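Biologist: I'd like to learn how to read helix packing and a few other features in a model like this one. Can you take me through it?

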Amino acid sequence: MRRETFVSSRGGWALIRSTWLSWMQYRSFFFILAFGWMIPPLIYLLVWSTAAGEGSISGMTRGAFVAYYLILILVNQITYAQTNWTVGDLIRYGQINKVLLRPIPPLYDALSSEIAGKVVYLVFVVPILVILAFVLKPELDLTLINGLSFLPALIFAWALRFFWGYWLALLAFWATRADALLALQDSLVFLLAGQVAPVALLPGALKTLAVILPFRYMVAFPVEVITGQLTRSEMLTGFAIQCAWMIAAVILYALLWRFGLKRYSAVGG
Amino acid sequence: MDNTIIKVKELTKTYRVPVRAEGLGASLKSLLKPTYSEVTAVQSISFEIAQGEMVGLIGPNGAGKTTTLKMLAGLLHPTSGQVSVAGYEPWQRQPEYLKRISMVMGNKSQMLWDIPPLDSFRVLGEIYSVPKNEFERNLEELVQLLEMKDLLTKPVRNLSLGERMKCELTASLLHKPSVLFLDEPTLGLDVSMQLRLRRFLADYNRSSGTTVILTSHYMADVMALCPRVILIHHGKLLHDGELGSLARRMMPFKILRITLGQESIPENGVPQLPDSVEVLEAESNLLNLRVPRGDASAITAKLLETLNVVDLIIEDPSIEAVIDQVYSEGAQ
């Protein structure tokens, strides 16, 4: 990657500000999107906490399910890379020319809308979660180690989800409707990343799959870390697998971007 | 040329285009074993442009103008040949190079749709790392030249097409590029907006010394702005020089418009005209003739002698007519 990547932060911040300004015009649209993303985990929150009743399921009480799902909603919002959906359009409609003609790396464009988007969503989601927490009374045994480990797990989860979706979206250089793969990614996240059920409650084979594949590490893993579901060794293995997938995603992103651009500049936009 | 800023040598661009027959079966087959055909968009063109020149790149749709422009800007990688712009190889897209050029595409916008232009301009200023006071100075100059002070704070989506083009031009010039590529900048604009933008471009080119390469389908743009035109057709360079010399080469004719006195044209036509003269129109006392350029004065003299001429105009065929002939015949 070019050295200038790290030099032009002024331009990057300016991009974030402007994207944010223009997105604030659509606040309500983004609020509706954010609301849509909250609904499935909210449903499963109610299902599992009702099922647990006064007892517990695999050691999780009603309050533990509430805590798990409320944090999951937050993590899901923070890690959801909605920018990935626009990359394909950018390439298909030649708008990417504009990005390519700027003297800063194209990644800045995506990162700026990521950061701008998070701000808009969280303004909406955090107050709702606070209210839900008051009503539903979560139970959380927060240890210092779990709390401190949550932050890197969350950041890696975001990076993994962002770059994973990005490299899928970059397939638009070759195939016109590459965003179908993004929809597939969303489904797998829904299934394997702790939304339908916490990964610990998945049946045998599915659980193994969840642990091996990258999707758990996009959402569920940081939630499991902070809610204390993991033993020390499970946590360390988790971090190792998460980092491995993240590095793989970044490498795939860099390769696809490079070869994609080569192809783009050969066939024209 | 010592102050050459753009050097293009034997530039060629060939696209590989997937060929697909009609129907579901064929499209399934092409999925497994795609076939391609090669299309040469630009074929071995060479030219040099000096710093501060304003050059029109003309040619019919699909001639290879935009492909050429994209290769100069660094968006496309040529199949063969060399390009150097301000000492850089464009397709490496080094940030230092990108800071020295700008490209305006009449059909693509670099403004953010929902926020006022001023905000977009500031972002661009940061992206191009233009120092603060320089940014303010450039902005003020452009705003004044384009008379757009009152547009700065309206959301872009509320602006008209012409107003938006003013913003595009400002946005592309804030970092004072050495080379400006304009792809159809007057597309869809009304006549008076076209005039104003033309005047702006001429003034700006003169005062800043920015090299401008412009493509346009409006010959008026090219006539008003570009002392030099490069004509591309079927990917080949057909003409590099003045528009006027192109006209002379392509159409070695003059048009004579004659108004006669009270008596109209004689019943039996106009006598004593050589075969090379073509009568374009002959109605009551008006007579339009197409005569070979070299014979124009001799024929005029003869007509003045034999007919009662009250008014006589000698003119070149319209540039649109010339261009139409070139485009449709492909110019041998």
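**Reading the packing**

Modeller: Start with helix 3 (residues 62–79) of chain A and helix 7 of chain A: their axes come within 9 Å and cross at roughly 45°. That makes helix 3 of chain A oblique to helix 7 of chain A. Keep in mind that this is a predicted model, where local features need pLDDT of at least 70, side-chain atom pairs count only at pLDDT 80 or more, and totals for chains, interfaces and linings use all residues. Residues are numbered from 1 along each chain as its sequence is written, while chains are lettered from A and ligands numbered from 1 in the order in which they are written.

Biologist: What do "axes", "helix" and "oblique" stand for here?

Modeller: Two packed helices are described by the angle between their axes and the distance between the axes. Axes are lines fitted to C-alpha atoms, for helices over the stretch in contact, and angles run from 0 to 180 degrees between N-to-C directions. Angles under 35 degrees count as roughly parallel, over 145 as roughly antiparallel, 65 to 115 as roughly perpendicular and the rest as oblique. Helices (H or I, at least four residues) and strands (E, at least two) are DSSP runs, numbered from the N terminus.

Biologist: Which hand does the crossing of helix 3 of chain A and helix 7 of chain A have?

Modeller: That crossing of helix 3 and helix 7 of chain A is right-handed (left-handed if the near helix is turned anticlockwise from the far one by less than a right angle, right-handed if clockwise). From helix 3 of chain A come A:Val75, A:Ile78 and A:Thr79, and from helix 7 of chain A come A:Leu154, A:Ala157, A:Trp158 and A:Arg161; contact needs C-beta atoms, placed from the backbone, within 7 Å. Sorted by class, this contact of helix 3 with helix 7 of chain A has five nonpolar, one polar and one charged residues. Ala, Val, Leu, Ile, Met, Phe, Trp, Tyr, Cys and Pro count as nonpolar, Asp, Glu, Lys and Arg as charged, and the others, Gly among them, as polar.

Biologist: At what angle do helix 7 and helix 8 of chain A pack?

Modeller: Helix 7 (residues 144–169) and helix 8 (residues 179–192) of chain A pack at about 150°, with their axes 8 Å apart. Helix 7 and helix 8 of chain A are therefore roughly antiparallel to each other. Helix 7 of chain A passes helix 8 of chain A in a right-handed crossing. On the helix 7 side of chain A you'll find A:Trp164, A:Gly165, A:Leu168 and A:Ala169, which meet A:Asp179, A:Leu181, A:Leu182 and A:Gln185 in helix 8 of chain A.

Biologist: And how do helix 9 and helix 11 of chain B cross, left-handed or right-handed?

Modeller: Left-handed, for helix 9 of chain B passing helix 11 of chain B. Helix 9 (residues 243–250) and helix 11 (residues 319–329) of chain B pack at about 60°, their axes 10 Å apart, and are therefore oblique to each other. By class, the contact of helix 9 with helix 11 of chain B has seven nonpolar, one polar and no charged residues.

Biologist: How do I read burial? Is A:Trp48 buried or exposed?

Modeller: Count C-beta atoms, placed from the backbone: 20 or more others within 10 Å means buried, 12 or fewer exposed, and in between partly exposed. A:Trp48 has 21 others within 10 Å, so A:Trp48 is buried. You'll find A:Trp48 in helix 2 (residues 27–52) of chain A. A:Trp48 and A:Ala197 are 149 residues apart in sequence, yet 8.1 Å apart in space, C-alpha to C-alpha.

Biologist: What about phi of A:Lys137?

Modeller: Most residues other than glycine have a negative phi. Phi of A:Lys137 is near 50°, a positive value. A:Lys137 lies in the loop between helix 6 (107–136) and helix 7 of chain A and is exposed, with 11 other C-beta atoms within 10 Å. Phi of B:Glu147 is also near 50°, in the loop between helix 5 and helix 6 of chain B.

Biologist: How many residues does each chain bring to the contact?

Modeller: Chain A gives 23 residues and chain B gives 27 residues. Helix 1 of chain A supplies the largest share of the side of chain A that touches chain B, seven residues. Across the contact, B:Ser129 touches A:Arg10 and A:Gly11, leaving aside its neighbours within four places in sequence.

Definitions and conventions:
Contact = placed C-beta atoms within 7 Å.
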